[in-house]
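Subject: A structure for you to look at

Hi there,

Here is the structure I promised to pass on. Please have a look at it first, and then read my notes below.

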Amino acid sequence: MERYFWRSVNTCLSACSCVVRLRLHAEYRRKARVLDASPAVQAHNGGSTTAVAGALAAFRPVRGLAFGQYGEASADVHSLLKAAASTARAVACRIGGIAAGRHARLKALYTSNLRRAWGVTIVREMARHRLARIPLIAAALGTRLSQTFAPASRAAGWDVEAAPVGPPGLRALHA
């Protein structure tokens with residue numbers, strides 16, 4: 001059952017990162033067309049109307065890195081981890097003169113170290129995010145953050161003049 005749950009979570013994260021990737025790439029192309037239509041950009045590029053879009057097309061599509069609340073990661077994160085471990089292994093083998101028979105073991109070492117470091121960072125930052133939101137738990141409906149939780153809100157970097165807490169319909173019922 002755990003294996004099935006993990007696959008479903010990983011599939012969901014991969015699907016989310018895929019949606020983000022497609023939206024972001026479409027937004028980049030739209031902004032490139034807007035820039036290409038600008039007279040200043042056309043003058044800078046010798047009258048070309050596709051200079052920015054052409055430069056954008058030279059790059060690979062944007063990859064979406066998605067993390068879950070319990071430290072799970074999307075397939076793009078795992079691909080990035082493999083690439084980083086392979087690069088670290090190649091650099092270490094070149095600098096250290098490591099024998100060819102040890103390359104797989106060294107890649108496994110870098111993979112496990114990166115996975116551990118990234119996993120701890122992901123879970124720690126999610127915990128920080130949750131702890132920073134604790135003041136919102138005690139807020140009564142209709143209470144402004146600036147009235148009750150201004151010091152904690154400023155410390156967390158929130159806008160202390162935020163809208164009242166809770167949906168408008170519920171605020172009206174409890175007013």
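**What I found**

A55 has a relative accessible area of 43%, so A55 counts as partly exposed (buried means under 20% relative accessible area, exposed over 50%, partly exposed in between, with a 1.4 Å probe and protein chains only). You will find A55 in helix α3, residues 51-57; helices (H or I, at least four residues) and strands (E, at least two) are DSSP runs, numbered from the N terminus. A32 lies 23 residues from A55 along the chain, and their C-alpha atoms are separated by 9.1 Å.

Some background: this is a predicted model, in which local features need pLDDT of at least 70, side-chain atom pairs count only at pLDDT 80 or more, and totals for chains, interfaces and linings use all residues. Residues are numbered from 1 along each chain as its sequence is written, and side-chain values use heavy atoms, leaving out hydrogens and water.

The average pLDDT (the predictor's confidence in each residue, from 0 to 100) is 76, and 69% of the residues score at least 70. Residues 1-6 have a pLDDT below 50, and this stretch makes 3 contacts in the model beyond near neighbours in sequence (contact means heavy atoms within 4.5 Å). Residues 169-175 are also below 50, with 7 such contacts. Where pLDDT is low, the predicted coordinates should not be read in detail.

Overall, the protein has 9 helices and 0 strands. Of its 175 residues, 18% are buried. The accessible surface is about 12400 Å², and carbon and sulfur atoms hold 62% of that (areas come from the Shrake-Rupley method with a 1.4 Å probe; for residues, only the protein chains shown count as cover).

Next, helix α4, residues 75-96: its 22 residues should span 32 Å at 1.5 Å a residue, and this agrees with the 31 Å between its end C-alpha atoms (the expected span is 1.5 Å times one less than the number of residues). Buried in α4 are D76, V77, L81, A85, A92 and C93. After α4 comes G97, with a positive phi near 65°.

Finally, L65 sits in the loop between α3 and α4 and is partly exposed, at 44% relative accessible area. Together with F67 and L80, L65 forms a nonpolar surface patch with about 270 Å² of accessible area. Patches take residues with over 30% relative accessible area and no salt bridge, joining like charges within 9 Å and nonpolar side chains (Val, Leu, Ile, Met, Phe, Trp, Tyr) within 5 Å; a salt bridge is a side-chain nitrogen of Lys or Arg within 4 Å of a carboxyl oxygen of Asp or Glu.

Best wishes
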